[in-house]
Amino acid sequence: MRQPTPATILVLGGTSEGYALADALTDRSDLRVVTSLAGRTPNPRRPSGELRVGGFGGTDGLAAYLAGHHVAAVIDATHPFAATMGAHAAQACARLDVPLLRLERPAWSPGPGDRWEQVSDWYGAVIALRTLGARRVLLAVGRQELAPFAMLDDVWFLVRCVSQPDPLPAFAHAELLLDRGPFDLDAERALLERHDIDCIACKNSGGVASAAKLQAARERRIPVVMRERPQRPTLPTAPDVATAVQWLRGAVGNGAGG
Ligand code: NAP
């Protein structure tokens with residue numbers, strides 16, 4: 001008997017959730033899972049299933065891809081700060097009536113003992129650092145978002161990035177630390193102590209891999225300048241992979257391997 005054609009699922013990736021979802025779907029013979037990466041990271045880890053790399057060419061390009069590859073459903077598992085891709089996915093899927101789910105880790109929120117300054121952009125973060133009188137800052141904002149901080153020429157920065165910033169902005173006083181999470185609490189405590197850090201600037205990525213610095217800051221009683229998440233289209237949203245897999249059952253059915 002002829003097997004039914006597997007339904008194509010497009011996972012917009014670049015996050016640990018995107019990889020975990022592709023892993024979770026790897027045994028589904030009724031699905032063809034394609035993970036899409038933006039192509040920013042040299043030699044990225046290969047996801048389970050198929051991989052495509054590079055931008056689609058805006059909403060129109062994505063819509064053409066969805067139609068051309070007969071995509072049955074899209075899961076937007078991009079990072080909470082990847083606002084453009086999220087908007088393009090919402091527009092293209094709405095245009096073609098393709099089911100779309102956002103897989104997004106919940107945001108962090110401040111607890112007792114936290115001293116957070118919440119800002120909506122990096123210039124707001126620069127102003128907050130000035131107002132706080134920060135002198136030695138752990139800057140964990142991503143390698144492409146460093147430039148506004150270089151204007152603070154009386155602050156020493158420990159710039160932590162996954163890969164080399166290109167170019168590294170002209171900081172007056174800075175040390176570069178290339179490191180990738182998950183970061184463990186003891187190591188974060190030791191890092192803040194070793195460098196005499198008096199403030200952390202970061203974005204509200206959420207998740208566990210990079211949350212230890214927040215607890216270390218709380219224990220040290222130092223402030224955290226936290227950039228809030230950008231606005232994203234209102235969509236059905238799953239906080240974890242299991243919920244996304246469940247949603248897919250409703251969107252494309254159980255299939256043979258479901
Ligand atoms: P963005 O600003 O939302 O997207 C800019 C453009 O990059 C998009 O318009 C799209 O180009 C392309 N793009 C983004 N994600 C893509 C994907 N998964 N597959 C194919 N093309 C993609 O995104 P970003 O903030 O630069 O992030 C880029 C990637 O890095 C994302 O996949 C995200 O998950 C990952 N990431 C981002 C952050 C962060 O803090 N922003 C942190 C960790 C990981 P076209 O318009 O040409 O389609």
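**Exercises on a cavity and a ligand**

By class, the residues that line the largest cavity comprise three nonpolar, three polar and three charged ones. Here Ala, Val, Leu, Ile, Met, Phe, Trp, Tyr, Cys and Pro count as nonpolar, Asp, Glu, Lys and Arg as charged, and the others, Gly among them, as polar. The model is predicted, so that local features need pLDDT of at least 70 and side-chain atom pairs pLDDT 80 or more, while totals for chains, interfaces and linings use all residues. Residues are numbered from 1 along each chain as its sequence is written, and side-chain values use heavy atoms, without hydrogens and water.

**Exercise 1.** Find which residues line the largest cavity.

*Solution.* A cavity is a set of points, on a 1 Å grid over the protein atoms alone, where a 1.4 Å probe fits but cannot get out, and lining residues have an atom within 4 Å of a point. The residues that meet this condition are T15, E17, A77, T78, H79, P80, L103, E104 and R105.

**Exercise 2.** Describe the polar contacts (pairs of N or O atoms within 3.5 Å) that the ligand makes with G13, A83 and H88.

*Solution.* Begin with G13, where a polar backbone atom lies 2.9 Å from an oxygen atom of the ligand. Next, a backbone N or O atom of A83 is 3.4 Å from a ligand oxygen. Finally, the side chain of H88 has an N or O atom 3.5 Å from an oxygen atom of the ligand.

**Exercise 3.** Divide the shell around the ligand into classes.

*Solution.* The shell residues, each with a heavy atom within 4 Å of the ligand, fall into seven nonpolar, twelve polar and three charged.

Conventions
1 Å grid on protein atoms, 1.4 Å probe; cavity = no way out; pocket = protein on both sides within 12 Å on 5 of 7 lines; lining within 4 Å. Polar contact = N/O pair within 3.5 Å; in protein donor to acceptor, adjacent residues only side chain to side chain.
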